[in-house]
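I opened the model to look up its core, its secondary structure and its overall spread. My entries follow in the order in which I made them.

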Amino acid sequence: MSIRLIVILLLLWLARQAWRRLTQPEPPKKVATMVACATCGSYIADDRAASALFDGKRRHFCDTACLERYAKGERLDGPQG
Ligand SMILES: [Zn+2]
């Protein structure tokens, strides 16, 4: 097998990979999970929620104002431990 043939096969393979990527339909979007805001308790899709780690646990918030209120200690679930 000549080098040229290998190169041509490689180019064909790469072209096929690129073509597949271009023509493949986008993967279905992940269904959003609803999470409760740790401060006010309202539900929001987790991909739109603000989140931060508190005491090693991830908390979700409907917006950054709720995140700030939570950080200041205004929590629905009260102080932990
Ligand atoms: Zn909130």
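Core. I looked up the largest nonpolar core and found eight residues: Cys37, Ala38, Ala49, Phe61, Cys62, Cys66, Leu67 and Tyr70. A nonpolar core here is a set of buried Ala, Val, Leu, Ile, Met, Phe, Trp, Tyr and Cys residues joined through C-beta atoms within 7 Å. Buried requires 20 or more other C-beta atoms within 10 Å of the residue's own, exposed 12 or fewer, and partly exposed lies in between, with C-beta atoms placed from the backbone. Helix α2 (residues 64-71) contributes most to this core, with three residues.

Provenance. I noted that this is a predicted model, in which local features need pLDDT of at least 70 and side-chain atom pairs count only at pLDDT 80 or more, while totals for chains, interfaces and linings use all residues. Residues are numbered from 1 along each chain as its sequence is written.

Elements. I listed two helices and four strands, in the order α-β-β-β-β-α from the N terminus. These are DSSP runs numbered from the N terminus: helices are H or I with at least four residues, strands E with at least two.

Spread. I checked the radius of gyration, taken over C-alpha atoms, against the globule rule of 2.2 Å times the number of residues to the power 0.38. The protein has 24 Å, well over the 12 Å that the rule gives for 81 residues, so it is more spread out than a compact globule. Along the principal axes, the C-alpha atoms fill a box of roughly 75 × 25 × 20 Å. Buried residues are 14% of the 81.

Helix α1. I read off residues 3-23, which is 21 residues. From first C-alpha to last, α1 reaches 30 Å, close to the expected 30 Å; the expected span is 1.5 Å times one less than the number of residues. The count of buried residues in α1 is zero.

Which strands pair in the antiparallel sense over five bridges? I found strand β3 (residues 50-54) with strand β4 (residues 57-61); pairing requires at least two DSSP bridges between two strands. Ser51 has His60 in β4 as its bridge partner. Two residues lie between the strands of this hairpin, and Asp55 in the turn has a positive phi of about 50°.

Phe54. I located Phe54 in strand β3. Is Phe54 buried or partly exposed? Phe54 is partly exposed, with 14 other C-beta atoms within 10 Å. Its C-alpha atom is separated by 35 Å from that of Glu26, 28 residues apart along the chain.
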